[in-house]
Amino acid sequence: MRDNEFTKILGWPGYRVFQHEIDETAMTLRLWVRRKRGNRKLICSGCGRKFTEAHDYYQREVRDLPWRKYQTTVIIELYRVCCPECGVKIEKVPQLPGKAPFSKDFEDAVGLACESASVRQVARQLGLAASTVRAIDLRYLQRWSATRRKEPLKQMGVDEIYFGKHMKFITVVSNLETGEPLWFGQDRKQETLDEFFRTQLTENRRKRIEAACVDMWRPFTTSIEQWAPNCRIVYDKFHVLQHANKAIDEVRRAEFFRKGGRMRGVVKGKRWLLLTRWMNLDSQKRQQLNELFALNRRVMKAYLLKESLERLWTYR
Ligand SMILES: [Zn+2]
């Protein structure tokens, strides 16, 4: 096979193979490539400025996609430019997205493989360390995230997740329409969510947020009120009812201490009855609650309030 045939199959735009080496025992293929004649526009990798003059050049080796069973290495001639902004800097080459010794096509293939197989499997198949595969996958995802179109955020969800003793809490922001998590921040302070608004959304995008579903956690609502002026705040059912149950429990406890003697006996041990919905109680348990309500109207009122609050979500 001649070098121009290698060039065709390799298919790196603007580059041609000028030398190759096939090792049949090691099953490796090495291809030396340089710019095609006429491909002389150099781009500074620091700032994107264009140059026609090169400062100097050197060779770099990267692993590329395999050719059948042959592991393939491309040795590429790279130029450095003398940039007034960045100094002497490597040119930008689309096939070489980073400093790692892999071509973009190779990294994309690894990233794609990681979508449907474990890191360990991919690593074994390609003869790479698991940590290398993980690093490639991360870069692949970062490139994907940087180039994809981001849907406008109209309905946002903000949750806190307890992440164990060391990390404590993290804040998770998600797009409720697409169900996609968008951002994670350490801690659950107002500043945590402030950082999301400041670094992830333009002012225009912030204005377009229509609703936010949040934990009933004051720092989050304060942050949203400040950054997203057109956003209505919605509390999710779980958290509202958590607060309602807590309120009932407080009434129960207050009544327990307020009244002495006989009343204590009736309220005592009824905690779980009071926290259970009426429709989920059998007739015997309902009877017990009715006895309690007959004696104490405050506890009954609290229970009925919570019942009607629950019905808000199923009301038609
Ligand atoms: Zn530059």
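Trainee: Where do K104 and D108 lie, and how many residues apart are they?

Mentor: This is a predicted model, and in it both residues belong to helix α2 (residues 104–114). They are four residues apart, or about one turn of that helix.

Trainee: What makes K104 and D108 a salt bridge?

Mentor: The rule asks for a side-chain nitrogen of Lys or Arg within 4 Å of a carboxyl oxygen of Asp or Glu.

Trainee: Are D108 and R143 buried, exposed or in between?

Mentor: Buried needs under 20% relative accessible area and exposed needs over 50%. D108 has 22% and R143 has 21%, so both are called partly exposed.

Trainee: What ties E160 to R188?

Mentor: Their side chains meet in a salt bridge, 2.9 Å from N to O. E160 is in strand β8 and R188 in the loop between β10 and α5, so the bridge joins parts that are 28 residues apart in sequence. By the same rule the count comes to 13 salt bridges. Some share partners, joining K104, E107, D108, R139 and R143 into one network.

Trainee: Why is R68 called exposed?

Mentor: Its relative accessible area is 78%, and exposed means over 50%, so R68 qualifies. You'll find R68 in the loop between β5 and β6.

Trainee: What stands out about the phi of R68?

Mentor: It's near 50 degrees, a positive value in a residue other than glycine. Most residues other than glycine have a negative phi. D187 is another case, with phi near 75 degrees. D187 is in the loop between β10 (180–186) and α5.

Trainee: Over to helix α1: how do you know that its buried residues share a side?

Mentor: The buried residues here are F6, T7 and L10. They cover an arc of only 105 degrees around the axis, so they are on the same side of α1. The face turned away from that side carries the exposed residues K8 and I9. What covers the buried residues includes β1 (15–23), β2 (28–35), β5 (56–67) and β6 (70–83).

Trainee: Which residues touch the most other members of the largest nonpolar core?

Mentor: That core has 16 residues, and M156, V158, L193, F196, F197, I209 and I224 touch the most other members. Its largest share, three residues, comes from α5. Apart from it lies another core, of 15 residues, among them W12, V17, L29 and L96.

Key. Residues are numbered from 1 along each chain as its sequence is written. This is a predicted model: local features need pLDDT of at least 70, side-chain atom pairs count only at pLDDT 80 or more; totals for chains, interfaces and linings use all residues. Side-chain values use heavy atoms; hydrogens and water are left out. A nonpolar core is a set of buried Ala, Val, Leu, Ile, Met, Phe, Trp, Tyr and Cys residues joined through side-chain atoms within 4.5 Å. Buried means under 20% relative accessible area, exposed over 50%, partly exposed in between (1.4 Å probe, protein chains only). Helices (H or I, at least four residues) and strands (E, at least two) are DSSP runs, numbered from the N terminus. The arc is that of the directions from the helix axis to the C-beta atoms. Contact means heavy atoms within 4.5 Å.
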